[in-house]
Amino acid sequence: MRDDEAVARFYEGWARQNSRLVEALRPLTGEQLGLRAAADKWPIWAIAGHTAGARVYWLCGVFKEGGAESTPFADASGFGWEDDPNTPRSAEELVFALESSWKIVERCLKRWTSSMLGDEYTRGTTQQHTRQSVLMRLITHEAYHAGEISQMLGVNGLPEIDLWRADRS
């Protein structure tokens, strides 16, 4: 990899994972989006909102990338939908949140180069994060939460999310 080469091709599978999560959420009813693993755990809608909001928080709030205004998370400070349990979100709202926040990720991956991955940014007063560490954080964060959602769907007799199945031709 050249130092000036965009990193997008090294993260190709991430777009597929986002699409699979969107596909799984799109047909869900409000009742299904309200499913929880336990009474004290977030419902599916909050987990999905949190997943989309984390992208905006890290990329726009911490790294100062543009685009937050085109998402439901225009205030990239960190307060998101999942923080308001009295306002459940619909499948349509969640799909929009995931698709609009994905556009920010996609722009970063197309613009960021391997030489930029080590650039450090400060969060708060003491935490240092590189672009690479945040990309890994977001990928693993999203896989973790997609797994949570998949399990809740499966135990309730709904189609699970398979992030890695082969694409149908």
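**Hairpin, core and cavity in a predicted model**

Strands β1 (residues 120–123) and β2 (residues 127–130) pair in the antiparallel sense over 4 bridges. Strands (E, at least two residues) and helices (H or I, at least four) are DSSP runs, numbered from the N terminus. Two strands pair if DSSP finds at least two bridges between them. The bridge partner of Tyr121 is His129 in β2. The hairpin has 3 residues between its strands, and Gly124 takes a positive phi near 70°.

The model is predicted: local features need pLDDT of at least 70, side-chain atom pairs count only at pLDDT 80 or more, and totals for chains, interfaces and linings use all residues. Residues are numbered from 1 along each chain as its sequence is written, and side-chain values use heavy atoms, with hydrogens and water left out.

The largest nonpolar core has 52 residues. Such a core is a set of buried Ala, Val, Leu, Ile, Met, Phe, Trp, Tyr and Cys residues joined through side-chain atoms within 4.5 Å; buried means under 20% relative accessible area (1.4 Å probe, protein chains only). Trp14, Leu25 and Ile149 touch the most other members. Helix α3 (44–62) supplies the largest share, 13 residues. Leu25 touches residues including Leu33, Ile44, Leu98 and Ile149, not counting those up to four places away in sequence. Contact means heavy atoms within 4.5 Å.

A search of the whole structure finds 1 cavity of 30 Å³ or more. A cavity is a set of points on a 1 Å grid over the protein atoms alone where a 1.4 Å probe fits but cannot get out; lining residues have an atom within 4 Å of a point. Among the lining residues are Trp14, Arg55 and Glu142. Helix α1 gives the most, with 4 residues.

Definitions and conventions: 1 Å grid on protein atoms, 1.4 Å probe; cavity = no way out; pocket = protein on both sides within 12 Å on 5 of 7 lines; lining within 4 Å. Points joined across faces, edges and corners; volume = space filled by probe spheres on them. Buried < 20%, exposed > 50% of the residue type's maximum accessible area, 1.4 Å probe, protein only.
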